[in-house]
Amino acid sequence: TTSTPRITHHPRVHRPKMMMQGNNHQAPFDEAQQKRIQQLTVVAKIRSLLNTNNNTDNESIIIPTDGTTLRPLFASEKLTLQNNACEWQNIHLLIDDNNDSLHKDYSNELKCLVSNTSFVGNVVFIMSSKNNKMKRGVHSNILIENCIFDLSSCCVINNTYISDTYVGAHASVLSCGEVTADAATSLWRSGGGGGGITIDVGPESGGGRSLLLQPESTMIDVCNQLEHGPYDAMPGAAAAVAQTADQTHIQGHAACNVISEGCVLRNTATVKNVYMASHSRIIASTTVSNVIMMPQSSITDGCQVTDVLMQWDSAISENSNVSSALIMEQGHCGPHSFVASSVIGSDVHVSAGEIHATVVGPNTNAHHQSLLIGILWPLGRGNVGYGANVGSNHTGRLPDQETVAAEGTFFGLSNVIKFPVDLSHSPYSIVAAGVNLPPQRVCMPFSLILNSD
């Protein structure tokens, strides 16, 4: 048949549906989301209190959170910082809320921890008891504006311009160009899904399948929004995800970069609107903007990354270009990958090829130069060989076709897959090397598909 295939799936897809009956698998995702919301809320509250406080008297005290006090600098502390260009009335210390800390003079600490830096706007130094073996503090930066630093243990050195940024304990920001935030373009802006992105998969010319994704989205959530196969019995799944995203936006709004505990941001020219969870890394990249990174994730070595959500231990490396994508746990893009408007599942490795408008399920590999466009492959566990062109989706007028692959599909060397093709009833099938597959539906599992000659 040459008609667009009806999208159904092998019965094995019922397995994740059964998982939905319990909530244990969702607990880590909910915990990560709540932690992010809480952190963004605290940062937003401190910034809001600073913006609304017009009292510059040294006796004034603001208490943004339980157990801490936000106070202006004492005269002696201002004298200590006189070699740094500052607007003194806008510099505050966040300290423990007890009498000893409240009246303590931090001149000696500030002398060691701050040098050769110009400050404008509202700047907060968190004076905690945490320590760091490496050189710490804020040193040799050209300009810092509207920032919050855990001064006792963070390391912010040799940067050109940093604005609207929170740097947590034991975090490092080293030798970067511009680190900025913009509420109008951030992922948690109004209408932006409260820390999420919206992408279209399937046909590229319109009429595709719209997915609203959050950092904690699972492949089950993706299948719910695709609304096909056994998930047809769950109407309104996409609307439920949208409602959750709006609630996240209300609770967690903050036009501010967050660089959490133990993170490293180093040698990157442009950074904008990023949330880095604990021990995530951005190193020697070109441009990173509108990115939410969960713990242990990384972006390294000359990458360009825009509008991307990264789950635990995921990585983008070595001159890759990734935009409008969700990379799930242990997913890896690089070297030299191009990924756009796609979902990369858990334990997927993509390198040297292009993936566009595609859902790639877990444990799938595309190690070589290959092409995936408009593929719905949520169960994954397959392989894409060198030179495989799984993306002949153009009818001569518009790229208005898609294809569906079943679990375990193997696309061999130099395949040419002409859309529409439906392999959803043929799990663990192999498309042999050099096969030119015209539009059709294959309904035989464990098939070996060869050229007709």
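S452 is exposed, with a relative accessible area of 86%, where exposed means over 50% relative accessible area, buried means under 20%, and partly exposed lies in between, worked out with a 1.4 Å probe on protein chains only. This residue is found in the segment after strand 42 (448-449), and its C-alpha atom is separated by 9.3 Å from that of N436, which is 16 residues apart from S452 along the chain. Helices (H or I, at least four residues) and strands (E, at least two) are DSSP runs that are numbered from the N terminus.

The structure is a predicted model, in which local features need pLDDT of at least 70 and side-chain atom pairs count only at pLDDT 80 or more, while totals for chains, interfaces and linings use all residues. Residues are numbered from 1 along each chain as its sequence is written, and side-chain values use heavy atoms, with hydrogens and water left out.

**The chain as a whole**

The secondary structure comes to seven helices and 42 strands, and of the 453 residues of the chain, 55% count as buried. The chain exposes about 18500 Å², of which carbon and sulfur atoms supply 49%; such areas come from the Shrake-Rupley method with a 1.4 Å probe, and for residues only the protein chains shown count as cover. If contact is taken to mean heavy atoms within 4.5 Å, then among contacts between residues at least 6 apart in sequence, 39% join residues at least 24 apart.

**Paired strands**

Two strands pair if DSSP finds at least two bridges between them. Strand 22 (residues 304-310) and strand 24 (residues 321-327) run parallel and are joined by six bridges, with T306 standing opposite S323 in strand 24. Strand 24 also pairs in the parallel sense with strand 26 (residues 338-344), again over six bridges, and here L326 stands opposite V343 in strand 26.

**Backbone details in the loops**

Another cis peptide bond joins F419 and P420, with omega about -5°, and the place of P420 is in the loop between strand 37 (416-418) and strand 38 (421-423).

**Two helices**

S76 has its place in helix 3 (residues 75-80) and is partly exposed, with a relative accessible area of 30%. Leaving aside its neighbours within four places in sequence, S76 is in contact with D105 and S107; S76 and S107 are 31 residues apart in sequence, and 6.5 Å separates them in space, C-alpha to C-alpha.

Is helix 6 (residues 219-226) mostly covered or mostly uncovered? Helix 6 is mostly covered, since seven of its eight residues are buried, namely M219, I220, V222, C223, N224, Q225 and L226.

**The largest pocket**

A pocket is found on a 1 Å grid over the protein atoms alone, as an open set of points with protein on both sides within 12 Å along at least five of seven lines, and its lining residues have an atom within 4 Å of a point. The largest pocket holds about 810 Å³ of space, a volume being the space filled by probe spheres set on the points, which are joined across faces, edges and corners. Its lining is made up of 36 residues, of which K35, Q39, Y166, S260 and E261 lie nearest the centre of the pocket. The elements that give two or more residues to this lining are helix 2 (27-52), strand 2 (91-96) and strand 20 (287-293), and the largest share, ten residues, comes from helix 2. The lining residues divide into 20 nonpolar, eight polar and eight charged, where Ala, Val, Leu, Ile, Met, Phe, Trp, Tyr, Cys and Pro count as nonpolar, Asp, Glu, Lys and Arg as charged, and the others, Gly among them, as polar.

Note on methods:
1 Å grid on protein atoms, 1.4 Å probe; cavity = no way out; pocket = protein on both sides within 12 Å on 5 of 7 lines; lining within 4 Å.
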